[in-house]
Amino acid sequence: MAGKVISTGIRYTKLPESYIRPVNDRPNFSPVSECNDVPVINIGAGDRRLISKQIGDACRDYGFFQVVNHGVPDEVVKKMEKVGGEFFRLPVEEKMKLYSEDPAKTMRLSTSFNVQKEQVHNWRDYLRLHCYPLDQYSPEWPTNPSYFKEYVGNYCTAVRELGMRILEFISESLGLEKERLISILGEQGQHMAINHYPVCPEPELTYGLPGHTDPNALTILLQDTLVSGLQVLKDGKWVAIKPYPNAFVINIGDQLEALSNGEYKSVWHRAVVNSDQPRMSIASFLCPCNDSVLSAPDELIKDGSKRVFKDYTYTEYYKKFWSRNLDQEHCLEFFKNQQ
Ligand SMILES: O=C(O)CCC(=O)C(=O)O
């Protein structure tokens, strides 16, 4: 498997052995229903207090929500989708020039999740980029397609602005000053995964990505508008999140769970694959500054409550996260205080 992507342009007729999950760990599609009440929040109009209340309710009840009227121009989104699709349709030899299995690399094409640590592989290729500061990282980005840097750079800038606005709403929804969470998170990094899930010959035997939570603060996910695949764990059941037109899916990551002192949940989610059409999703991750100490603000520790989590830096957390399989126990468990 080492050094192999699955987006070769050749259609597989049988799932290779190394992707087959044990019987008790398969997607089991039949009990998964579509989630009909995913909160869709219009953040572009209306009363600020109402928007942060809607966001707070969604963070508490679901750990995710969708936003519309979000301010990222439609043209910027379309160009991002176009260039992401074109990148994965490049000849495999061209893509393989960027291949690496080293999670420390700031730009790499890779496959599955953590090829060197995992026992079973996942039906996904991905291009992972560090995106902030843009002028530091974009020089190492792909140059094929020729407009890659321009289109992806514009997208990253717009999505970062959206993420910051959402963090302000989340801060207010916890009863904190608008800037409070942003100031604890420090100068946030931004990473992006352009996920490509090729057509899979036996989708019931494997995952695109198995259930996981995101290690960062906030994830802004652009779903494929035509092909579903995202599922979220809600009240102990997996539910399918149908793409909603012109919306982003916002996931609460582990760091917001920690900073909210456990009030908001970092949502378990996974990607399933299908045998008809390839799927693309584009995840943008806002990540705390490496040296910021992640500790729930004092304002949230009151009425005799205690800090649920230890104080730690994001460097410590990220190292732990990548030292494991994706689908092991929640990484935050390692950072819990004894209660
Ligand atoms: O493809 C999806 O819908 C989910 C992607 C995801 O969870 C990730 O990139 O971490």
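I began with helix 1 (residues 48–61), which lies across strand 2, strand 3 (64–68) and strand 11 (248–252) and runs at about 160° to strand 2. I took contact to mean C-beta atoms, placed from the backbone, within 7 Å. Axes are lines fitted to C-alpha atoms, for helices over the stretch in contact, and angles run from 0 to 180 degrees between N-to-C directions. Helices (H or I, at least four residues) and strands (E, at least two) are DSSP runs numbered from the N terminus.

I noted that the model is predicted: local features need pLDDT of at least 70, side-chain atom pairs count only at pLDDT 80 or more, and totals for chains, interfaces and linings use all residues. Residues are numbered from 1 along each chain as its sequence is written.

**Overall**

I listed eight helices and 15 strands for the protein chain. I then looked up its extent: the C-alpha trace spans about 60 × 45 × 40 Å along its principal axes.

I traced an open sheet with mixed pairing in the order 2-3-11-8-13-6-5-4. Neighbouring strands here are turned by 25° against each other on average, direction ignored. Two strands pair if DSSP finds at least two bridges between them. Strand 5 (residues 125–130) and strand 6 (residues 189–197) run antiparallel, joined by six bridges. I picked out one partner: Arg-128 bridges to Ala-193 in strand 6.

I found another open, mixed sheet, ordered 1-10-9-12-7. Strand 1 and strand 7 (209–212) are at its edges with a single partner strand each, so one side of each has no neighbour in the sheet. Strand 1 (residues 33–34) runs parallel to strand 10 (residues 237–240), with two bridges. Ser-33 stands opposite Val-239 in strand 10. Strand 9 (residues 230–234) is antiparallel to strand 10, with four bridges. Their hairpin has two residues between the strands, and Asp-235 takes a positive phi near 50° there. Strand 7 and strand 12 run antiparallel with two bridges. Leu-209 has Ala-271 in strand 12 as its bridge partner.

Most residues other than glycine have a negative phi, and most peptide bonds are trans. I logged a cis bond from Tyr-132 to Pro-133, omega near -5°. Pro-133 is in the loop between strand 5 and helix 4 (134–137). I logged a cis bond from Asn-144 to Pro-145 too, omega near 0°. Asn-246 has a positive phi near 55°.

Methods
Two residues are in contact if their C-beta atoms, placed from the backbone, lie within 7 Å.
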